[in-house]
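Dear colleague,

I am passing on to you the structure shown below, together with some notes on what turned up in it. Please read the notes with the sequence and the 3D view open beside them.

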Amino acid sequence: MTQDPRWQPLAAARPRMSEGWWHWVASRDSLTQRLIQAAGERHFEVRLLDERSGQPYYDEAAALGLVDGRRTWLREVALCVGGQPWVVARSVAPLIPRRSAPFAGLGETSLGSWLFRQPDLQRSPIEVCQSPRPIQGETGIWQRRSVFHHGGWAVLVQEAFLPRMCEELCLAP
């Protein structure tokens with residue numbers, strides 16, 4: 001059994017975070033668009049690693065306000081620049097009977113590209129974690145999460161910023 005991470009408000013991590021990382025971790029706009037801009041001439045792609053219904057971790061269910069035992073839609077992707085993963089992400093959303101999440105079945109399309117087109121999109125405060133649970137075996141240098149709300153739907157998005165991104169962008173750890 002994996003121990004639940006201790007998520008904390010973004011501001012609590014600010015003293016330990018370089019200015020370069022703050023620019024990435026504290027941003028509230030589309031991470032996909034930021035990565036595309038940072039990629040420059042290099043190819044950006046979303047690599048689907050896993051997509052299925054399943055049980056969320058306890059801390060994920062709590063962040064979404066779900067009762068214990070409720071099944072969710074789970075999706076894990078790698079956001080790659082030049083063929084190399086820079087970020088791995090895990091999204092968790094409640095399953096609603098007789099309806100599927102409008103963002104299910106995205107395949108190798110970025111969830112952010114769908115979310116940030118929604119006019120009524122709301123985002124919870126960003127949380128960070130010092131000892132995050134791995135996403136596809138990666139914990140990253142920093143990991144953040146927040147809940148997005150749109151038209152009665154909610155999705156928890158967790159993102160781990162990987163060492164390759166740090167190296168490529170010359171970010172101080």
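Is Gln-136 buried, partly exposed or exposed? Please bear in mind throughout that the model is predicted. The relative accessibility of Gln-136 is 41%, so this residue counts as partly exposed, since that class lies between the limits of 20% for buried and 50% for exposed. Gln-136 sits in the loop that runs between strand 6 (127-129) and strand 7 (142-150), and its backbone has a positive phi of about 55° although the residue is not a glycine. Most residues other than glycine have a negative phi, which is the reason for pointing this one out.

A positive phi of about 55° is also found at Cys-170, again not a glycine. Cys-170 belongs to the segment that follows helix 6 (163-169), and because its relative accessibility is 69%, Cys-170 counts as exposed.

The remaining notes concern Leu-115, a residue of helix 5 (residues 111-115). With a relative accessible area of 3%, Leu-115 is buried. Leaving aside residues up to four places away in sequence, Leu-115 touches Leu-121, Phe-148, Val-155 and Val-157.

With kind regards

Methods. Residues numbered from 1 in each chain as written. Predicted model: local features only at pLDDT ≥ 70, side-chain atom pairs only at ≥ 80, totals over all residues. Heavy atoms only, no water. Helix = DSSP H or I, 4+ residues; strand = E, 2+ residues; numbered from the N terminus. Buried < 20%, exposed > 50% of the residue type's maximum accessible area, 1.4 Å probe, protein only. Contact = heavy atoms within 4.5 Å.
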